[in-house]
Amino acid sequence: MKKILIANRGEIAVRIIRACREMDLSSVAVYSECDRSALHVRLADEAYAIGPSAPRESYLRIDRLVDAARRSGADAVHPGYGFLAENEDFAAACVGAGLTFIGPTARAIETMGSKTAARGAAKRAGVPVVPGTEDPLGADATSEEIAATAQSIGYPLLVKAVAGGGGKGMRTVVDPSDLASAVGAARSEAATAFGDPAVYLERELPRPRHIEVQLLADHHGAVVPFVERECSIQRRHQKVVEETPSIAVTPALRAEITSAAAAVAKGVGYTNAGTIEFLVDENGRFYFLEMNTRLQVEHPITEMVTGLDLVQWQIRIARGERLDVDPARALTPTGHAIECRVYAEDPDNNFLPSPGRIVALRPAAGPGIRDDSGATAGLDVPIFYDPMISKLAAWAEDRPRAIARMRRALAEYLVAGIRTTVPFFTWLLSQPDFAAGRFDTTYLDGVLKAQNGRPFVEPAAGVEEMAAIAAALHTALSPARPPANGGSTGGRWKTEARLEGLR
Amino acid sequence: MQHFEIEVGGRTRRVAVARTGDKFAVTLDDRTVHADVARIDAHTLSLVVDTECPTGATDPVRAAFEVTIAPDAATGQLIVGVGPTPVAVAVNGRRARRRDEASGGNGPQRLSAPMPGKIVRVLVKSGDPVRARQPLVVVEAMKMENELRAGRDGLVAELHAREGESVDAGALLVVVQ
């Protein structure tokens, strides 16, 4: 393996390019029309245009991706996450074109990518699953039939896309009268996001925690589970903060849940990287939720507490190497790591997307901080893709110190031109419930409701005054060159003239 | 001396800026601070601010701030980032529309598209009574469907959103009166 085509964009494409460079492999980027200036294109060794900005015409076009691989002479393809990462046809097309697919087999993707089939695989491995429908709802099922199925599962329940992920194509139904519209909305969102409108029903557990187990599996029969990640801080079923280890997982539960995850993976002959997600109820009982047959967004925190490079291992496994990782090392975290997903969204306006041009950006840095980002100043956040611009992760000796370090990093993170969720994280990480680890997957939606549209960071009086002063100085000086510091005589003269002229 | 009316946090502040030597004297209402300004780039300023000590007995505190300033496409305001805190600021009468919309005040609520996207659903008709926080329009952008909600109780006075239509940031969609 010498050259890897990265069938993705944004921060994850950058992450994979970095692994390639560290392993002395060539990297090939692909880009849509609006991504010509994106960071992954600038960092890769080669770059190929694959079509218009809409994902269906570029990043989801298997033919164009395989063609770019052929043109570049790549011998392997890394799909990242999202887009075609969990599409068995893509994996099969790569293999069919003589390319190594850096991920599981098409067959494993197909089995575990279908939520309903995956639940069957977990049951066969002796792992409990959340109660729900065995099969997808029929496309022509009448609303009466769906209502009857729902009744047998019990409310509240979730309508979930069979091909789903990331909270898309998912709806909670508390009141039976909302069922039909929720099924309709979930189907339409699933069709848009995944090209498959199939949905199924699942019982909603009361106040569960989301605990997941990262796995690596090689082609020689080794399966290594990693220390759990907790991803209970979710907004509308979308993870926003992840951490490892979980404050709620005892050593006994860790041994049990990681063994269960490994059993599910072994049962389906799984290879490469994957993650098994569980819900853990208030009594510490766990239930298989689903498997993600790809690299997870939140993989950096696992890397931070184990010191292992998951992307490099994906590549090493794909080229046939043995997974010679000490299982104890994978299960024994050093310190604690937290990740905040920084989104181009306005937390003070119902988290609406805030696309636009990033005019200034200085990510946090320094001890224990890792910023996985595809954003730079001068780039537009396009409206076509997921609005995550960065994954900010903090590692420290223990959880309180990791929280303190993350708060420091958030205070340092400078971005202008778009709204981001940074102020929201500043607020969240100062909440006593977060510090105490008192949360479950319903926590964040509950506190957001209680917040009722109030801003997360109420500017103190001094901050508002400073903003007024800064706005006045900025307006007075624009668009002059540096005025007070290092400006040329001409620049100062112009500033003076402008100030005089506006007297 | 340059004068500004700056609306921030629901208050209008009078700000005067004057150069004195290498520094700027900024008078906010009736208080003057001296600011040393370094422009880092077109949108970033480093300010070292002396707070004038009324008694003159001690040296002023030289407080350091890094601020970013960028226009907000949806509202025409400036967003001033003071550290990690974004503050919406309207300079010289660029009214703080967004705050008015968000707070359920007495005036009509003008609901605009906060980002470019596609109208996927219109959930109300002209003349419909609506309750605060009731979803009015669903806009799809960035692969997610986003509900735009009423900020207050009232009637749908104007409806400009049409299903299937693409809209730009700032486009007026609904007026609730």
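**Exercise 1. Find the bridge partner of A:Leu157 in strand 8 of chain A, then describe the sheet around it.**

Step 1. A:Leu157 has A:Arg203 as its bridge partner in strand 8 of chain A. Bear in mind that this is a predicted model.

Step 2. Look at the two strands. Strand 6 (residues 157-165) and strand 8 of chain A run antiparallel and are joined by five bridges.

Step 3. Widen the view. The sheet is open, has three strands in the order 7-6-8, and is antiparallel in its pairing. Strand 7 (168-173) and strand 8 (199-203) of chain A each have a single partner strand, so one side of each lacks a neighbour in the sheet. On average, neighbouring strands of this sheet are turned by 25 degrees against each other, direction ignored.

Step 4. Helix 7 (residues 143-153) of chain A lies across strand 6 and strand 8, at about 25 degrees to strand 8. Helix 8 (residues 179-194) of chain A also packs on the sheet and touches strand 6, strand 7 and strand 8. The direction of helix 8 makes about 165 degrees with that of strand 7 of chain A.

**Exercise 2. Work out which residues of helix 9 of chain A are buried, and what they pack against.**

Step 1. Take the span. Helix 9 (residues 251-267) has 17 residues and reaches 24 Å from first C-alpha to last, close to the expected 24 Å.

Step 2. List the buried residues. They are A:Arg254, A:Ile257, A:Thr258, A:Ala260, A:Ala261, A:Ala262, A:Val264 and A:Ala265.

Step 3. Recall the helix turn. An α-helix has 3.6 residues a turn, so residues three or four places apart point the same way.

Step 4. Name the partners. The buried residues of helix 9 pack against several elements of chain A, including helix 6 (115-124), strand 9 (209-217) and strand 13 (272-280).

Step 5. Go past the end. A:Gly269 follows helix 9, with a positive phi near 60 degrees.

**Exercise 3. A:Asp24 and A:Phe351 have positive phi without being glycines. Is each buried or exposed?**

Step 1. A:Asp24 has a phi of about 60 degrees and lies in the loop between helix 1 (10-22) and strand 2 (26-31) of chain A. It has 7 other C-beta atoms within 10 Å, so A:Asp24 is exposed.

Step 2. A:Phe351 has a phi of about 55 degrees and lies in the loop between strand 16 (345-346) and strand 17 (352-353) of chain A. It has 21 C-beta neighbours inside 10 Å, so A:Phe351 counts as buried.

**Exercise 4. Describe the cover and the pairing of strand 7 of chain B.**

Step 1. Five of the five residues of strand 7 (residues 78-82) are buried. B:Leu78, B:Val80 and B:Val82 lie on one side, B:Ile79 and B:Gly81 on the other.

Step 2. Strand 6 (residues 62-71) of chain B pairs with strand 7 in the antiparallel sense over five bridges. B:Ile69 stands opposite B:Val80.

Step 3. Strand 8 (residues 85-91) of chain B pairs with strand 7 in the antiparallel sense, over five bridges. Here B:Ile79 stands opposite B:Ala88.

Conventions: Residues numbered from 1 in each chain as written. Chains lettered and ligands numbered in written order. Predicted model: local features only at pLDDT ≥ 70, side-chain atom pairs only at ≥ 80, totals over all residues. Helix = DSSP H or I, 4+ residues; strand = E, 2+ residues; numbered from the N terminus. Expected span 1.5 Å × (residues − 1). Buried ≥ 20, exposed ≤ 12 C-beta atoms within 10 Å, placed from the backbone. Contact = placed C-beta atoms within 7 Å. Pairing = 2+ DSSP bridges. Axes fitted to C-alpha atoms, helices over the stretch in contact; angles between N-to-C directions.
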